[in-house]
Amino acid sequence: MARYEFRKPRLYVEEALAPGTAVVLGKPQAHYLRNVLRLGDGDEVLTFNGRDGEWRATLAVAAKRTALALQEQARPQTAPCDLHYLFAPLKRARLDYVVQKAVEMGVSRLQPVLTRHTQAERVNVERMRANAIEAAEQCGVLRLPEIVAPVALADALAGITAERVLVFCDEDAPIADPAAALASASGASSLAVLVGPEGGFSQEERSMLLARPHSVRLALGPRILRADTAAVAALALVQTVLGDWRAAS
């Protein structure tokens, strides 16, 4: 895990970051820094935009504006982990949790998919993005995942390149040991993880998944997991066996 400063507040901004420049903050961010965190003129803040690394800045407070005066780069931009997470939408609080944990796990793309047994078909993409930003700010993550609108499972699969390994959670997987199942995809550089609805995949959907090249069926142990728990378990397994956790120091 890259070293970063835990004790300083972190703020995501959209603007380009460069030494000597000032980033003027909107009212919500200014309110958060000045009234929630009680920061004042000259206090230090870390900022990032997902492209230019992390920067040290000082708060510049004037009568009608609050800005970040950029000083120097604290950490260079990291390369993205090529890991997509596809999931059947969940209800509000549980979806918030899944988005936050996926960001912490290093996911580079979040794709809600609609299946036959999906229980919550309405997805607030802007809320997903807000949760992703919050997780990145709190956990030292330098890059936000791409977040896309929900699509039908068949359309999502059609959009995945043939060489990308798709790991889908399946309680009927023939290999009970998840690490052994993932070992068959050793060496893969682009990955996708799919967690379906709590009602499971239909037989037609399972057949469609199995017909796809480079698909891996993943069992998650002897107990039935809720979808948000399965998300964390599956992403942790994939990152450990195939992903960038192997290179973490």
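I took helices (H or I, at least four residues) and strands (E, at least two) as DSSP runs, numbered from the N terminus. I note here that this is a predicted model, in which local features need pLDDT of at least 70 and side-chain atom pairs count only at pLDDT 80 or more, while totals for chains, interfaces and linings use all residues. Residues are numbered from 1 along each chain as its sequence is written, and side-chain values use heavy atoms, with hydrogens and water left out.

**Around S3**

S3 and strand S4 (residues 54-61) pair in the antiparallel sense over five bridges. Their hairpin has five residues between the strands, and there Gly 50 takes a positive phi near 85°.

Glu 44 is partly exposed, at 43%.

**Salt bridges**

I counted a salt bridge wherever a side-chain nitrogen of Lys or Arg lies within 4 Å of a carboxyl oxygen of Asp or Glu, and by this rule the count comes to 15. One of them joins the side chains of Lys 8 and Glu 44, at 2.6 Å from N to O. Lys 8 lies in the segment before strand S1 (10-12) and Glu 44 in strand S3 (residues 44-48), so this pair ties together parts that are 36 residues apart in sequence. Lys 8 is partly exposed, with 24% relative accessibility.

Next I checked Arg 94 and Glu 198, whose side chains meet in a salt bridge at 2.3 Å, N to O. Because Arg 94 lies in helix H2 (residues 92-104) and Glu 198 in the loop between strand S11 (191-195) and helix H6 (203-211), the pair ties together parts that are 104 residues apart in sequence. Arg 94 is buried at 18%, whereas Glu 198 is partly exposed at 37%. Both belong to a network of salt bridges that also links Arg 226 and Asp 228.

I also noted Arg 206 and Asp 170, which meet at 3.1 Å, N to O. Arg 206 lies in helix H6 and Asp 170 in the loop between strand S10 (165-169) and helix H5 (178-183), so parts 36 residues apart in sequence are tied together. Arg 206 and Asp 170 are both buried.

**Helix H2**

Returning to H2, I found 13 residues reaching 19 Å from the first C-alpha to the last, close to the 18 Å expected at 1.5 Å a residue, the expected span being 1.5 Å times one less than the number of residues. Its buried residues include Arg 94, Leu 95, Val 98, Val 99, Ala 102 and Val 103. An α-helix has 3.6 residues a turn, so residues three or four places apart point the same way. Among the elements that cover the buried residues of H2 are strand S6 (83-87), strand S7 (109-114), helix H3 (125-139) and helix H7 (227-241). Gly 106, which follows H2, has a positive phi near 95°.

Notes: Buried means under 20% relative accessible area, exposed over 50%, partly exposed in between (1.4 Å probe, protein chains only). Two strands pair if DSSP finds at least two bridges between them. Contact means heavy atoms within 4.5 Å.
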